[in-house]
Each structure stands twice: as C-alpha cells, then as structure tokens.
Amino acid sequence: MSGHDSKYFSTTKKGEIPELKEELNSQYKDKRKDAVKKVIAAMTVGKDVSSLFTDVVNCMQTENLELKKLVYLYLINYAKSQPDLAILAVNTFVKDSQDPNPLIRALAVRTMGCIRVDKITEYLCDPLQRCLKDDDPYVRKTAAICVAKLYDINAELVEDRGFLDSLKDLISDNNPMVVANAVAALAEIQENSARPIFEITSATLQKLLTALNECTEWGQVFILDALSRYKAADAREAENIVERVTPRLQHANCAVVLSAVKMILQQMELITSTDIVRNLCKKMAPPLVTLLSAEPEIQYVALRNINLIVQKRPTILAHEIKVFFCKYNDPIYVKMEKLEIMIKLASDRNIDQVLLEFKEYATEVDVDFVRKAVRAIGRCAIKLERAAERCISVLLELIKIKVNYVVQEAIIVIKDIFRRYPNTYESIIATLCESLDTLDEPEAKASMIWIIGEYAERIDNADELLESFLESFPEEPPQVQLQLLTATVKLFLKKPTEGPQQMIQAVLNNATVETDNPDLRDRAYIYWRLLSTDPEAAKDVVLAEKPVITDDSNQLDSSLLDELLANIATLSSVYHKPPESFVTRLKTVSQRAEEDDYPEGSESGYPESPAHPVDGAASPSSSSGSRHPATSPPVAAAPAPVPDLLGDLIGLDNSNSLVPVDQPAPAGPPLPVLLPAAKGQGLQISAELTRSDGQVFYSMLFENNTQSVLDGFMIQFNKNTFGLAATGPLQVPPLHPGTSARTLLPMVLFQNVAPGAPNTLLQVAVKNNQQPVWYFSDKISLHVLFTEDGRMERATFLETWKSLPDSNEVLREFPGLVIKSMESTLDKLAASNMFFIAKRKNANQEVLYLSAKIPRGIPFLIELTAAVGVPGVKCAIKTPSPEMAPLFFEALEHFLQS
Amino acid sequence: MISQFFVLSQRGDNIVFRDYRGDVQKGSTEIFFRKVKFWKEDGEEEAPPVFNVDGVNYFHVKIVGLLFVATTRANVSPSLIMELLQRISRVTKDYLGILSEESLRRNFVLVYELLDEVIDFGYVQTTSTEVLKSYIFNEPIVVDAARVPALGPASLFMQGNKRMPGTAVTKSVVANEPGGRKREEIFVDIIEKISVTFSSSGYILTSEIDGTIQMKSYLTGNPEIKLALNEDVTIGRGGSSAYGYGSSVGSGAVILDDCNFHESVHLDNFDLDRTLSLVPSDGEFSVMNYRMTQEFKPPFRVTALIEEAGALKAEVIIKIRAEFPSSATANTILVQMPLPSYTSRVSFDVEPGAVGQLADFKEANKRLEWSLKKIVGGAEHTLRAKLTFSQETHGNLTKEAGPVSMNFTIPMYNASRLQVKYLQIAKKSKTYNPYRWVRYVTQANSYVARM
C-alpha cells in the first residue's frame with residue numbers, strides 16, 4: 001500500500017460519485033482497491049455513497065482479503081437501504097462460506113449476520129448450519145455469535161432450524177474460544193426469551209469450570225457471569241465452586257477479578273463453615289484493593305462495588321481503610337466514592353486517623369469535595385457515639401477558618417448531631433451564632449434557624465436572632481420560611497413574652513395571607529389554630545420529644561442491597577439501582593421497524609426528550625424517560641420492508657420497494673392536519689416535512705372517513721423557494737373506509753424553484769380516483785433542510801464571521817421564548833443539525849455560537865443570547881444569504897417553542 | 001456486550017465510529033459529548049466514567065487526550081467495558097506505533113479492520129496483538145514519531161529532547177523498519193508510581209508503591225523468556241497489621257501486599273526461585289502488577305512552612321531534599337502549593353545553582369508553582385516566597401494554604417528495590433543475541449506534604 005489513507009478524504013474536482021464509480025469499475029485491481037477505500041472514507045465521514053452499491057458489490061468477488069473486508073464493511077452499512085440489491089451479494093456470501101480459507105468462511109458468516117435484511121436471513125441458515133460444525137475453531141466461534149445475531153433478527157427461525165441445540169453442543173467444544181462465545185450467545189438469547197433455554201446443570205457447570213482455565217480473559221468473564229446464575233445444591237458444592245474460581249482473583253484483568261468476586265460472594269451465602277468464610281474474605285481483600293491501582297475509570301467502578309460489599313461484609317476491608325484515603329490527584333468522582341467508603345469503614349479504632357484525613361480534605365480547594373468532607377465528619381459523629389465529641393471539635397476548628405461554605409456545611413451537620421445527641425453539645429451554640437450573618441445558603445440558614453428555635457430557652461437573645469431573619473421572610477426560599485415559622489412558634493411557646501408575641505403574629509400573617517405556598521400556609525394555619533384553641537396542646541405537639549435520628553451511612557435497605565450484591569460486576573452495582581430501573585434493552589427488530597416506518601418519530605426523538613429531563617448520570621431514574629419501554633412488543637416476524645430511497649434513481653424496478661405501512665400510527669407523534677376531513681369530503685390529510693439520515697421526506701397520513709374505497713392517490717408540489725419536489729410517485733394503497741395509511745415520500749431539492757423572495761410556502765395538490773383534486777398549503781420549516789455537514793470548526797466560524805460584511809448580520813429578539821435548560825436545547829438543536837461551537841457567559845446570560853448549513857452550501861452562523869429560565873432570547877445570524885434570515889428565525893422560534 | 005464504540009477528539013469530533021448492534025441511535029456521539037462537556041450533577045463538575053442518558057449507558061476513558069467511548073443498553077459488566085476500552089487503545093497503539101488523532105485518521109481502514117476482529121456483535125473476541133496478527137491484513141502507516149509528543153511509558157525515558165538508547169518503543173509491532181528488517185529487541189520496564197503523604201511535622205502518614213513490569217517484545221519467533229526477580233521478594237503482608245508496617249523493616253526483604261500476572265505468565269517456579277517464564281506475545285503488556293505499602297525510603301523529603309510576616313504579609317519556605325543516590329537524576333520536577341484565596345502578589349527568592357528552575361504565581365487558581373528541570377541525587381533546594389494579601393488573615397494560615405504536592409520522574413531508580421535480576425531469552429542459535437533493555441523508572445503519583 002502506498003501513501004496515506006488520509007488522501008482518501010481529499011475531494012476531487014470532478015463530481016466525486018461519478019469519479020468513484022469509474023474507478024470502481026477499473027480493470028486494475030489496485031485502482032479498485034483504492035476506490036473502495038475512498039468510498040469507505042466517504043462513508044465514515046457521513047457522506048451518502050449508497051448509490052455506488054452495485055459497483056462496490058462488484059468488487060466483492062476477490063481473493064484479496066483486505067479488499068473483501070472493505071466491501072463487507074460497506075455492505076453492512078448500506079444493505080439495509082438497498083435490500084433488493086443486497087440480494088446480489090448473497091451468492092458470493094454463500095460461496096465464501098465454503099471457501100477453503102477459514103478466514104473467508106468466518107468473514108462471510110460474520111458479515112451475513114450483520115446484514116439485517118429479511119431476504120438475506122433466509123440464505124444465511126444453510127451456511128450457518130455448516131459453519132457451526134466447521135473444522136476450524138475460528139469459524140465455529142464466529143458462527144456461535146452469528147446465532148445470537150440471527151436470534152435478534154428472527155427468533156422463530158433460530159428455534160425452528162435447531163440452531164439452539166447446535167449452540168448448546170458447542171459448550172462441549174474442545175476450543176475454549178468457541179465455548180466462551182457459545183456461552184455469551186446463549187446468555188443473551190436467554191435474556192430475551194421467556195422460555196428456559198440456557199439452564200446450567202451441574203454437568204454444564206463442570207464443563208464450564210474446566211473451560212475457564214483455558215479461556216482468554218474475556219471468555220473467562222462471559223463464563224463467570226453465566227455461572228453466577230447457578231445455585232449450588234449445598235455447602236459442599238459451593239465450596240468446590242469457590243475453590244475453582246478463587247485463582248481468578250490473581251488475574252490482571254479487573255473484569256475477571258470482579259466477576260470472580262461476584263461468584264465467590266454468591267456461593268459464600270451457602271457456605272456454613274465460618275473458617276472458610278473468614279479465609280475467603282481474607283483472600284478477596286488484596287485483589288479488591290489492587291483494583292484501586294488501576295486507571296481511575298476502573299477505580300470508580302471498583303469503588304462503587306466495594307461500597308456495596310462493605311455494607312454486607314464490613315470485615316473484608318475493615319483493616320484497609322488507609323487505601324481509601326484520597327490522593328490529591330484522584331479525579332473528583334474517585335474522591336467522592338472514597339469518602340463514602342471511609343465513612344462506612346470508620347470505627348472507634350480508626351476514627352482519629354480518619355478525622356485527621358477529613359480535616360485535611362476540608363481545607364482543600366475543590367468546593368464540592370470540601371463540603372462532602374465536612375458532611376463526612378458529621379456523619380461519623382452520628383455513627384460513632386464515642387467519637388462524637390472529637391468530631392465536633394474538628395468541626396469547630398473548621399468553623400474558625402471562616403471559609404463561608406465550610407461554615408455553612410458544618411452548621412448543617414451540627415444540626416443533625418444535635419438531633420442525634422440531644423442535650424449534650426449545646427455549649428457550642430454560642431460559637432455557631434457568631435457566623436449567623438454569613439449564612440446565605442437555604443439549607444444552612446434553615447439548620448441554624450432550627451437550632452435557635454429548638455434551644456430558644458438557652459439562647460438569651462434568641463428573639464433578636466430570629467427577628468433578624470424575619471425581615472426578609474417573604475423573599476426566603478420555602479425551606480427557610482418553614483423553619484422560621486416553626487422556630488418562631490417554639491420561641492413563643494418557650495418565652496411567651498411581648499416580643500415573641502408580635503413576631504408570631506407577623507409570621508403567621510406572612511405565612512397565611514402573603515404566601516402562595518400551600519405547605520407553608522397549611523402549616524401556619526395549623527399552628528394558628530393550635531395556639532388560639534389550646535396553647536398547652538400546642539406545646540405538647542410542637543415541643544414534643546423528637547425521635548433520635550440514626551446513622552444514614554448504610555442507607556440501602558437490605559432487600560435492595562441483596563439485589564445489588566447479586567448484581568455485583570454489572571452496571572447495577574455502579575448505579576446502585578436494580579437493573580429493571582434502567583435497562584431499556586429493546587428488541588432491535590421493533591426499534592428498527594419503528595425507525596424506518598416513521599422517520600419523523602426518530603427525528604423528533606430528541607426534541608421530545610427534554611420533556612423527560614435527561615436522566616441523571618449514574619442515577620437513572622426508575623421512571624426512565626425512554627421512548628422505548630422495555631415492554632414494547634417485539635414485531636413478531638420480520639422488520640417491515642424499508643423504503644428504497646434510491647431505487648428509482650438507479651432506474652431499477654422499485655414497484656414494491658416503497659411500501660406504505662398501513663398500521664395505525666400511535667408510535668409517531670401526530671402530524672399537523674393540513675386537509676381536515678370536513679374540507680376533504682371525508683378524506684383527511686396530515687403531513688409534515690421531516691429529515692432522516694440526510695434525506696428530506698414528506699411524511700404523510702391519509703385517513704379515509706368516507707363511505708367508499710379511495711385509490712389512485714397522486715401528489716404534485718407547486719414551485720417553491722427551495723424547489724422541493726417528490727422523487728417518485730406517491731405510494732398509497734387503496735384506502736378502505738375507516739382506515740388510514742402512512743407514507744414517507746422522499747423529496748429532492750431544487751427541482752422546480754420558484755423565483756422571487758424566499759418564503760416558506762409549500763403548495764400541495766393531491767388527487768385520487770374518486771374525489772376532486774385537493775389543494776392545501778404547508779410551511780417549509782428551514783430546519784429540515786439543515787444538512788448533516790453543517791458543523792464548523794471554531795476557527796472557520798470566526799473567520800467566516802469576520803469575512804462577512806456587517807450588512808449580512810440580522811438580529812431578532814424573541815421576548816416570549818424561554819430556554820429552560822441549555823443542555824436539552826443544545827441537544828434539540830443538534831438533532832436538527834444546528835451544531836454547537838462554543839459558548840461564553842455574559843453577565844447572567846449565556847451566549848451560544850452555533851452553525852448550520854442549508855443545501856447549496858449556504859452557512860448560517862448563529863449567536864444565541866439568553867439566560868436560562870428567563871424569558872427573552874436574542875438571536876443574531878450572519879449568512880451570505882441574509883434574505884433567508886426571516887425563514888431561519890421562523891424555524892428557530894417554532895423550534896424553541898415546541 | 002456493547003452497542004457502539006467510538007473515539008472522539010477533545011473538541012468532540014468523530015474520529016472513529018463503529019456500530020455493532022444498531023440498538024442505539026446515531027446521535028449518541030453528540031449526546032455523549034454534550035453530557036460530558038457540560039456535566040453538572042450531584043454537585044460534581046466532572047462526569048463519572050459511566051452514566052445513563054435515556055436508557056443508553058455511556059462508558060468512557062480518557063487516553064492521550066482522546067475519548068474512547070462505548071455505549072450499551074444492557075446491564076453489562078462495567079469493568080469489562082473499561083478494560084476493553086483501555087485494551088483497544090493499547091492494541092491500536094501496538095499497530096500504529098503512536099496513538100493520536102492523526103495516526104487514527106491516517107489508518108482508518110486498519111482501525112476498522114481491527115475493530116471488526118476485536119469485537120463481534122458487541123462481544124469482545126480478542127485484544128491480543130499476537131492473535132490479531134493472523135487476521136489483520138492492512139499495514140500501518142506510521143506517523144512520524146518526532147512530530148508527536150511521545151506518550152505512555154516510553155516518554156518516561158526521554159531525557160529532555162535526547163532519547164535514551166532504544167526508545168523505539170513508539171514503533172509499530174507489525175510495521176517493518178525502514179531498512180526492511182526488524183531489529184530483534186525486547187524492552188522490560190519496571191515502572192513505579194509512588195504515593196507519599198507527609199504530615200506537617202514531616203512524618204510519613206501513608207506511603208504506597210504501585211508498580212508494574214511492562215514488556216514490549218519485538219522478537220521474532222516468540223522465544224520463551226525467563227525473568228528473575230530478587231529472591232527475597234515475598235507476597236502478602238502476613239497477618240493483618242492494620243497500621244504501621246511489617247516488622248521486616250531493615251531485613252532487606254521486599255514485601256509486596258499483592259500482585260497479579262498477565263495470563264501468559266507461568267508461575268511454576270515462582271515460589272521456588274522467583275522466576276517468571278513466559279512466551280511474550282507481541283505488543284505491549286503488563287507482565288506483573290504489584291502493590292506495596294511496606295516502608296520505603298521516599299526519594300524526596302518535602303517540608304513546607306508558611307508564616308505570617310507582618311500585616312497582610314506572609315512568607316513561604318519550601319525545602320526539597322533528594323534522598324536517592326547521586327547516580328540517579330530526577331527530572332521534570334514540579335512543586336505546587338495552593339495559597340490563601342486573598343493572596344494578591346508573590347515575589348520569589350530562588351537560590352542559585354538549581355538547573356532550569358522557575359517559580360511562578362498562578363493568579364487564576366491562586367497557586368504557587370515551582371518547577372525544576374533536574375535534581376541530582378543528594379541535592380537540596382529551597383524556595384522562599386513572600387506573599388502579599390489583600391485582606392487580613394483569619395490567623396489560620398496553615399489551613400488556608402497547602403498542601404504541597406510534587407511531581408517528578410526519576411529514571412533508573414526504583415523505590416521498592418524490586419529488581420529484575422536477569423532476563424533470559426531462549427536461544428535459537430549461537431549468533432542470536434537480541435537487544436535487551438531493562439529499565440527502571442519512578443514517578444510521583446500523589447506526593448504530598450501537608451502544612
């Protein structure tokens with residue numbers, strides 16, 4: 001090979017596609033190979049080179065493996081959009097699957113399994129059958145995975161053709177790679193099936209334990225994870241298993257170690273001998289600690305798992321607390337996890353050492369870490385009664401540094417300490433009061449106010465202190481208002497003198513009349529009535545003894561903990577959530593079908609998501625906002641046929657390639673109604689322009705509310721600014737009364753351009769055999785025209801911005817628009833090919849820079865100014881075609897509103 | 001299993017993208033990048049390496065400034081994915097010689113070929129460079145090493161701009177040398193990262209060595225290799241003395257807390273004479289990782305002092321003493337110390353005699369930085385700094401400044417005293433005498449002196 005691959009990215013003067021086409025058909029092998037590389041290069045940067053399908057497939061019959069692999073890579077990418085043409089490749093595949101070279105056989109079966117085209121799937125069965133019994137282990141291990149691929153496409157076929165049995169046979173294969181892949185494939189199939197398919201008997205267990213020793217590290221993980229489902233019959237069997245697995249703890253691969261730990265922990269439950277258990281704990285400690293020497297990302301995973309393990313078996317690492325001390329160069333996410341574990345391991349024996357560390361962390365630079373360290377001291381105080389006093393003295397020391405956020409955090413934890421040990425440490429209240437006026441965080445303020453109210457009788461000037469807060473009562477956040485209300489009531493009950501009396505009236509008035517917070521109002525009314533009917537009863541209620549709080553450092557309840565422990569070494573153990581709360585694994589088939597049928601659905605997938613604010617990282621909410629609930633029924637047989645987008649461009653028979661899907665369309669978002677049934681004599685048409693995979697479509701829904709069948713639908717577009725026109729005839733089946741049909745009409749640009757000033761008008765005419773011609777108009781929203789290659793480098797952006805004259809800058813303000821979250825807005829914009837370049841802060845406003853491009857290479861340079869949550873968005877754009885600006889703003893406004 | 005694998009540049013550009021299962025939408029790279037870039041959750045500013053957005057789990061590791069990312073919808077083993085991402089980077093580096101945006105882009109065909117062999121339908125098949133060799137047909141285009149800053153362990157052996165002999169570690173394991181013939185050589189690097197925390201009074205609070213024996217073989221024919229360590233190496237601290245160190249101090253024995261080995265290593269004789277035998281596979285890999293908390297002599301003593309010197313003024317004195325033999329030299333030393341947030345000005349008083357020394361006050365994050373090019377074993381250097389404050393101190397300077405942290409690299413020195421006594425290569429013929437490089441290097445991991 002000569003030169004650099006990067007040359008394949010360079011553009012040519014002549015049209016790129018024709019030139020490539022010519023080269024692909026060259027008589028010279030090298031030239032053809034180079035051409036395929038160029039095609040792949042174009043493909044990887046997102047250019048559409050699907051029109052070269054036939055030419056590339058022609059290069060497939062070659063002995064050259066390098067070239068063959070490239071062609072296969074291309075095939076996997078485009079077969080879906082060219083199902084009819086993909087058939088052309090089948091013969092070569094079938095031939096290749098019988099090639100004398102095992103690499104070619106494996107390659108063929110591997111690739112065929114990745115081509116998710118129904119017609120090909122049928123041809124896959126025979127070669128797969130053969131390859132599962134191939135002499136070469138490389139072919140067999142590839143075939144094993146291929147069964148899982150096939151199951152994902154067509155589960156029934158796999159069961160009918162007996163592939164599951166062949167797969168189970170492979171568990172006894174003499175090659176460990178094959179065994180590992182068979183196990184992985186079976187485990188996946190089992191996960192997606194309700195029937196028992198892959199059950200681990202004690203015979204399989206023995207086989208797999210033997211294979212374990214010879215497997216690659218990855219195979220070991222597959223096997224260990226599969227075996228972790230096995231329930232040993234008795235303590236003896238459990239001991240045996242553990243004995244076979246323990247050597248894996250010495251492995252350099254962290255995944256192997258953690259999976260082995262999981263296995264051992266699980267079997268330990270059955271082991272009755274305390275000696276053995278103790279011994280196992282001792283054996284597990286060093287490898288667990290060693291995980292903390294790995295890369296920080298692995299450390300994080302390990303720490304999240306260790307957090308669970310020490311909750312269940314604190315003895316394992318009881319003596320290792322030192323290894324959890326934070327290193328100054330640990331990433332913050334590692335430090336936070338280490339703190340959590342230090343609290344869990346803190347004991348009367350090591351508390352002095354631990355406090356010394358916490359004190360040190362509390363003076364570091366990173367504010368979040370400092371806060372957490374201060375809180376950790378408080379949690380230790382609550383957890384360890386005998387150490388509480390030492391913890392408090394450390395907190396007091398920290399308060400004296402007078403670093404604002406340290407003080408506030410300390411006050412929050414001291415409130416908890418007071419609740420844990422009532423009437424023990426009140427002597428420090430005076431010190432706390434010194435910091436009163438520096439408090440500006442709601443939680444800290446609320447905590448301080450609680451303390452004042454609770455100990456009002458011991459604080460001489462409690463009324464003055466509270467009064468100072470009352471001035472700003474209406475402006476305080478609800479949390480503080482509630483505490484002020486309660487504290488004032490307590491003060492009044494404890495010191496029913498004139499001052500407090502006036503205060504209580506002011507507060508009750510404020511909290512009932514002046515507020516619109518129902519919690520506050522309700523609480524105020526309760527107090528009010530209590531105080532006015534029976535002050536003694538009020539005392540009993542408000543000043544009642546509070547239940548003592550306990551240590552919350554083992555916050556997981558035991559059933560959740562057990563579930564999570566069973567899921568050690570899975571994502572579950574990192575998120576500390578049960579799998580069902582975040583696994584939204586979908587049958588690929590159903591998703592595919594959905595995507596293909598309703599591209600507008602997947603388009604608006606992003607804009608939709610802000611409605612479910614993006615789930616917390618590492619904390620997927622249980623009401624996961626996934627668009628694809630795990631329960632969505634898999635489409636049984638096969639993926640729905642895919643519209644053949646380019647069929648008629650190449651002039652092939654596409655009579656059935658564009659198949660409308662006449663199933664009701666609850667999945668897609670509703671389309672705007674353009675021709676209401678009332679106007680269309682019972683025919684209702686809803687439609688919208690959408691963009692999917694770089695192509696503009698007209699997504700249409702026809703609903704027949706007439707009494708007769710409607711057929712022979714045709715469509716015509718009037719001249720418009722962008723010359724949008726249909727690429728082919730409208731494909732709508734005869735519509736029976738009461739039915740509807742959805743269709744996707746691929747559109748081209750610049751076919752029949754209307755002269756004059758740009759506008760968004762799109763006039764459409766639709767006719768059928770039964771009714772007169774219907775006319776309606778639609779709007780061209782510019783955002784469907786934004787192309788995928790609209791991203792600009794920062795430097796280019798700056799340059800372009802400077803190079804355009806100021807007269808090309810257009811400014812528009814949208815006073816009514818509110819940006820609720822920068823992030824989801826950016827997501828939305830990106831989903832419509834408006835690409836984020838940079839942002840800066842200007843006072844309280846965010847200034848975003850984005851770029852977009854419409855066909856014919858017209859760029860838009862966008863500057864958005866807004867403050868999150870505050871109405872008013874300013875947008876300035878610069879573009880070589882400023883006459884397009886109104887269209888752009890219209891699209892943007894619509895976009896930000898939705 | 002994973003659904004997608006991709007590599008993004010720091011700017012978020014897509015360098016490599018491979019979809020294995022088609023169950024995660026294409027926009028995942030955008031979603032991922034934005035999430036990581038603007039992370040703000042649970043009061044943390046840095047995204048954890050694993051997170052979930054709308055049912056898709058994103059894993060990422062940062063390697064040489066690139067983001068290696070995997071996505072999945074399933075409840076997979078996170079450590080497997082993290083390991084996998086690391087290994088993919090290692091295999092790619094083995095092939096390309098250098099891992100960088102440029103080398104990835106230039107070799108995209110090869111990279112995709114690798115990715116197809118490494119992962120099938122989201123399941124890892126192999127990450128062994130050796131095994132992969134029989135399936136990979138593209139040849140790498142080697143990016144000129146001189147233009148790219150060397151990364152990874154190899155760069156530790158750079159002495160300024162001069163390279164140490166045989167730092168061809170940036171060469172590809174499969175590409176041929178310009179001359180056509182490959183040089184027969186093998187590198188064994190003992191790399192130790194040490195963490196030490198000194199108390200304000202100079203005592204050692206914690207100390208730890210994370211070591212690894214890294215091997216990179218360019219030997220043809222895969223001969224067997226024997227690696228002998230000191231015979232007094234013992235593993236396991238015996239009993240569980242929670243604090244303090246084993247009683248072995250002074251006895252000279254090297255006591256490792258724990259260690260693990262690459263799967264190709266045979267330990268048949270390890271218990272007997274501390275030799276490891278293995279047939280090294282191609283590419284770079286860790287023969288052995290070890291961890292030690294046994295007391296050792298820290299290479300540097302660091303003491304730092306901050307004292308008030310009149311109103312709105314204070315003085316800082318940082319002293320570092322190199323306590324390793326004068327035959328070794330530490331390089332790229334950087335000492336950092338956070339100063340009180342109200343520090344407005346700092347003037348330095350650097351002593352003459354130190355090589356390439358530079359002291360600076362980083363206004364933006366209120367940090368003092370003192371860098372030295374070189375420190376010879378046995379030498380001692382002191383930095384004096386006069387601080388001017390913009391407000392009264394709270395009388396608690398030591399809590400508002402520090403701790404002092406230190407970065408350094410010391411080639412040809414290791415603190416644990418673990419040694420490779422000999423490296424034996426099974427001879428193919430009498431004339432077969434490949435180059436063997438056994439190199440030691442010690443690096444600071446978390447080297448901190450508290451105030």
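User: How many residues does the contact take from chain A and from chain B?
Analyst: Chain A contributes 119 residues and chain B 106 residues, where contact means heavy atoms within 4.5 Å. The model is predicted, so local features need pLDDT of at least 70 and side-chain atom pairs count only at pLDDT 80 or more, whereas totals for chains, interfaces and linings use all residues. Residues are numbered from 1 along each chain as its sequence is written, chains are lettered from A and ligands numbered from 1 in the order in which they are written, and side-chain values use heavy atoms, with hydrogens and water left out.

User: What area do chain A and chain B bury between them?
Analyst: About 9900 Å², with 54% of it on carbon and sulfur atoms. Buried area is the accessible area (1.4 Å probe) that two parts lose on being put together, summed over both.

User: How many salt bridges are there between chain A and chain B?
Analyst: The count is 14; a salt bridge is a side-chain nitrogen of Lys or Arg within 4 Å of a carboxyl oxygen of Asp or Glu. One salt bridge joins the side chains of Lys35(B) and Glu823(A), at 3.4 Å from N to O.

User: Which helix gives the most to the side of chain A that touches chain B?
Analyst: Helix H8 of chain A (residues 137-153), with seven residues. Helices are DSSP runs of H or I with at least four residues, strands are runs of E with at least two, and both are numbered from the N terminus.

User: Changing topic: where is Thr129(B), and is it buried or exposed?
Analyst: Thr129(B) lies in helix H5 (residues 129-132) of chain B. Thr129(B) is buried, at a relative accessible area of 3%; buried means under 20%, exposed over 50% and partly exposed in between (1.4 Å probe, protein chains only).

User: Which residues does Thr129(B) touch?
Analyst: Leaving aside residues up to four places away in sequence, Thr129(B) touches Val91(B), Asp94(B), Tyr95(B), Val173(B), Asp282(B) and Gly283(B). Its side chain also makes a polar contact with the side chain of Asp94(B), at 2.6 Å. A polar contact is a pair of N or O atoms within 3.5 Å; within protein, one must be able to donate a hydrogen and the other to accept it, and residues adjacent in sequence count only if both atoms are side-chain atoms.

User: How many helices and strands are in chain B?
Analyst: Chain B has seven helices and 26 strands. Of its 451 residues, 63% count as buried.
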